[in-house]
Amino acid sequence: MECFAAKATRNTITLIPVTSSGLETWLKRRSVSDRGWVTTHDFTGKAGTVLMLPGKDGMPSEALIGVGDDASMKTPWVWGGFSTKLPVGRYQIGGTLKAGVAEAAALGWALGAYHFSRYAKKSGGIRGLVMPKGVNKPQIINQAKAIYLTRDLINTPASDMGPAELASAARALAKEFKAKFKTITGAALLKQNYPMIHTVGRASVREPRLIDMAWGKPGAPKVTLVGKGVCFDSGGLDIKPASAMLTMKKDMGGSAQVLGLAQLIMGANLPVRLRVLIPAVENSIDGNAFRPLDVLSTRNGMTVEVGNTDAEGRLVLGDAITEAVSEKPELLIDFATLTGAARVAVGTEIAAYFTDDEALSKDIEKASSATQDPCWRLPLHAGYRRMLESKVADISSTGSGPFGGATTAALFLKEFVGTETSWVHFDIMAWNQSTRPGRPEGGEAMGVMTMFEVIKKRFS
């Protein structure tokens, strides 16, 4: 990755991390001119701030970087802004870093350096960091590649990221790790009993498909990932307003999360049997588009009354989840940009999740804190199942009222999971509304690092 430099050279600038409370102690060890320089520039060690220090020849040889406090030093996000704020050049971190800090610094630097460059190349030069000592370089590179992959897939416009292109991206990942790969496309979905995936995608000239990837030894614990791959969502006949379509290229964000998580799992060679299922469709409008109050057949035999054609993600996930549970995995994880209600509940920067597995929820909570990847549990309240009742079918795809929309969507998916499988459903934004350190505006991985940590701890 170009954000990392191979080694230090004569012109490499040393970064000196200082906390707000430790700045005064550091200044006492420096020259009068250095103390005056820091005072003149009002540098306080506030997290994310930088100050270049002039050397004897007037050129910078060191730079102060504010890391806030000792706790924030261990998060990648405090380091994420430095790879864009500092001048172009080569850098190394001075001193001895405490346990966990070096890894956070390297990962944060990489995540902050991310730039979606498919259509417009990044202006300016490179800020390269010499990998800190003691860091597992392949591990950091694998983590950064996974997040980059997730962001790239989401940021790519629907014109270049339809169901076929999403399948190609998944195929490339499978090839890299020698995973098995297949797709079921178009009319074959009906023949092989994936009726809801076909129904949602049939109005588009870009054929719907189910992407299926498998990796790992057959006897290993089974971990299955399901990702919503709606490559563009017009809303169907219940068409969205123009303003709501502006970010609908990200409606395949769930599929991007599971491919990023798959990269992490395979790159780390975790001892699991991994399966990835992605229903890839475009929700378009044509004469054969499905309609509100249509009754759909499903892979598991239930009938579903369509409450709204803009609630299509749960439909395609239903068929994919039915296939997922047929193998009885030890852990089933689905990711989807599913409801606006989840965004109302937790905002855009937190991954909402649902599970009725208490032990799994505790593991997620611990992993979320450890990885600084914010996730928050919402209630899978069984009492709201009545809101999905239909007078003409086994279940309605949408709730009967305006409240609890994220919960009723999760309860709909639970109908396809059953009661025997350890399952968690993530309802995510998959998008940064604005740039923050390490998290540029655009597509984002949410819950990916958390679930990688959970899987690693459970099965390693």
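1. Ground rules. In this predicted model, local features need pLDDT of at least 70 and side-chain atom pairs count only at pLDDT 80 or more, while totals for chains, interfaces and linings use all residues. Residues are numbered from 1 along each chain as its sequence is written, and side-chain values use heavy atoms, with hydrogens and water left out.

2. Strands here are DSSP runs of E with at least two residues, helices are runs of H or I with at least four, and both are numbered from the N terminus. Two strands pair if DSSP finds at least two bridges between them.

3. Strand 1 runs parallel to strand 6 (residues 127-130), with 2 bridges between them; Ala5 has Val130 as its bridge partner in strand 6. Strand 2 and strand 5 are also parallel, joined by 3 bridges, and Thr14 lies opposite Gln92 of strand 5. Strand 5 and strand 6 pair in the parallel sense over 3 bridges, with Tyr91 opposite Leu129 of strand 6. From strand 5 the chain passes through helix 5 to strand 6, a right-handed β-α-β crossover (with the strands pointing away from the viewer, the path from the first strand over the helix to the second runs clockwise).

4. Helix 6 with helix 11. Two packed helices are described by the angle between their axes and the distance between the axes. Helix 6 (residues 137-155) packs on helix 11 (residues 253-267) at about 160 degrees, the axes being 8 Å apart. Axes are lines fitted to C-alpha atoms, for helices over the stretch in contact, and angles between N-to-C directions run from 0 to 180 degrees. By class, the contact of helix 6 with helix 11 has 7 nonpolar, 8 polar and 1 charged residues. Ala, Val, Leu, Ile, Met, Phe, Trp, Tyr, Cys and Pro count as nonpolar, Asp, Glu, Lys and Arg as charged, and the others, Gly among them, as polar.

5. Helix 7 with helix 11. Helix 11 also meets helix 7 (residues 163-176): their axes come within 11 Å and cross at roughly 5 degrees. Helix 7 and helix 11 are therefore roughly parallel to each other. On the helix 7 side the contact has Leu166, Ala170, Leu173 and Glu176, which meet Ser255, Leu259, Ala262, Gln263 and Met266 of helix 11. The contact of helix 7 with helix 11 has 6 nonpolar, 2 polar and 1 charged residues.

6. Helix 14 with helix 16. Further along, the axes of helix 14 (residues 358-371) and helix 16 (residues 448-459) come within 8 Å, crossing at roughly 120 degrees. That makes helix 14 oblique to helix 16. Among the residues in this contact are Ile364 and Ala367 of helix 14, and Met451 and Val454 of helix 16. The contact of helix 14 with helix 16 divides into 7 nonpolar, 3 polar and 3 charged residues.

7. Strand 12 is antiparallel to strand 13 (residues 303-305), and 3 bridges join them; Val295 has Glu305 as its bridge partner in strand 13.

Key
Angles under 35 degrees count as roughly parallel, over 145 as roughly antiparallel, 65 to 115 as roughly perpendicular and the rest as oblique. Contact means heavy atoms within 4.5 Å.
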